[in-house]
Amino acid sequence: MTLEASFLITWTLFLFVLIIYLSFYSYDKCVLFQDAYTVCFRGSIQKKEDKVVPYIDAHMQKQFGKKYFGVGKVTGTVDKKGNAVSVTGECQVKVPIRQFFTMHDRAGWKIQTRARAQIVNPTKMIRRSRMAERALSGMGK
């Protein structure tokens, strides 16, 4: 009975630790996407299109902050194509014995996410909407 109990307690402890690390992974993945999209969206609504990438570069690390559990440094990159901007975030969950929890040559506990937003000028859109509203209300008279 003692031998069976030692196996049971070992496996129970192993599963408990694995569940904790999976929770860290899930939380970090959700928060990383949220932060990447937030900084991407805030950059996409800049008044001048040439200020989008510098704004995102300047505010990315502040947005990522230190709210992640059990990860190394969180890095991010910005890419602008046409009238869309995308932010890629990346981090690695620190697992003590990674080789037991990850298949060989796989990214494993590495988290990568990409958020994308259309670049819009809110002021210009509001002005166009008001012009269209005035034009339509003038047609009804």
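Lys 80 is partly exposed, with a relative accessible area of 35%. In this predicted model, its side chain meets that of Glu 49 in a salt bridge, at 3.3 Å from N to O.

**Salt bridges**

- Searching the whole structure turns up 4 salt bridges.
- In the Glu 49–Lys 80 salt bridge, Glu 49 sits in the loop between helix 1 (2-44) and helix 2, while Lys 80 belongs to strand 1, so the pair ties together parts that are 31 residues apart in sequence.
- Glu 49 is partly exposed too, at a relative accessible area of 43%.
- Asp 79 and Lys 81 also join their side chains in a salt bridge, with 3.9 Å from N to O.
- Asp 79 is partly exposed at 30% relative accessible area, whereas Lys 81 comes out as exposed at 61%.
- Glu 90 has a salt bridge with Lys 110, and their closest N and O atoms are 3.3 Å apart.
- Glu 90 is in strand 2 and Lys 110 is in strand 3 (residues 110-118), so this pair ties together parts that are 20 residues apart in sequence.
- Relative accessibility is 25% for Glu 90, which counts as partly exposed; Lys 110, at 32%, counts as partly exposed as well.

**The strand 1–strand 2 hairpin**

- Strand 1 and strand 2 make a hairpin, with 2 residues between them.
- The two strands run antiparallel, and 7 bridges join strand 1 to strand 2 (residues 84-92).
- In the turn you'll find Gly 82, which has a positive phi of about 65 degrees.
- As a rule, side chains in a regular strand alternate between the two faces of the sheet.

**Around Gly 70**

- Gly 70 is in the loop that runs between helix 2 (52-64) and strand 1 (75-81).
- With 34% relative accessibility, Gly 70 counts as partly exposed.
- Which residues does Gly 70 contact, leaving aside its neighbours within four places in sequence? They are Gln 92, Val 93 and Lys 94.
- Gly 70 and Gln 92 are 22 residues apart in sequence, and their C-alpha atoms are 8.5 Å apart in space.

**Helix 1 and what it packs against**

- Helix 1 has 43 residues, and its first and last C-alpha atoms are 63 Å apart, close to the 63 Å expected at 1.5 Å a residue.
- Among the buried residues of helix 1 are Tyr 21, Asp 28, Val 31, Leu 32, Asp 35 and Cys 40.
- Helix 2, strand 2 and strand 3 are what the buried residues of helix 1 pack against.

**Aromatic rings**

- The structure has 8 aromatic pairs.
- In one of these, the rings of Tyr 21 and Phe 24 have centres 5.9 Å apart and planes at 80 degrees, so the pair is edge-to-face.
- Both Tyr 21 and Phe 24 lie in helix 1, 3 residues apart, or about one turn of the helix.
- Buried or partly exposed? Tyr 21 is buried, at 17% relative accessible area, while Phe 24 is partly exposed, at 27%.
- Phe 33 and Tyr 37 have ring centres 6.5 Å apart and planes at 20 degrees, so this pair is stacked.
- About one helical turn separates Phe 33 and Tyr 37, which are 4 residues apart in helix 1.
- Phe 33 is partly exposed at 40% relative accessible area, and Tyr 37 counts as partly exposed with 36% relative accessibility.
- Ring pairs also link Tyr 21, Phe 24, Tyr 25, Tyr 27, Phe 69 and Trp 109 into a cluster.

**Helix 4**

- How far apart are the end C-alpha atoms of helix 4 (residues 122-139)? They are 26 Å apart, which agrees with the 26 Å that 18 residues should span at 1.5 Å a residue.
- Asn 121 caps the N-terminal end of helix 4, with a side-chain oxygen 3.2 Å from the backbone nitrogen of Thr 123.

Technical notes
Residues are numbered from 1 along each chain as its sequence is written. This is a predicted model: local features need pLDDT of at least 70, side-chain atom pairs count only at pLDDT 80 or more; totals for chains, interfaces and linings use all residues. Side-chain values use heavy atoms; hydrogens and water are left out. The expected span of a helix is 1.5 Å times one less than its number of residues. A polar contact is a pair of N or O atoms within 3.5 Å; within protein, one must be able to donate a hydrogen and the other to accept it, and residues adjacent in sequence count only if both atoms are side-chain atoms. Buried means under 20% relative accessible area, exposed over 50%, partly exposed in between (1.4 Å probe, protein chains only). Contact means heavy atoms within 4.5 Å. Two strands pair if DSSP finds at least two bridges between them. Rings of Phe, Tyr and Trp (its six-membered ring) pair if their centres lie within 6.5 Å; planes under 30 degrees apart count as stacked, over 60 as edge-to-face and the rest as tilted.
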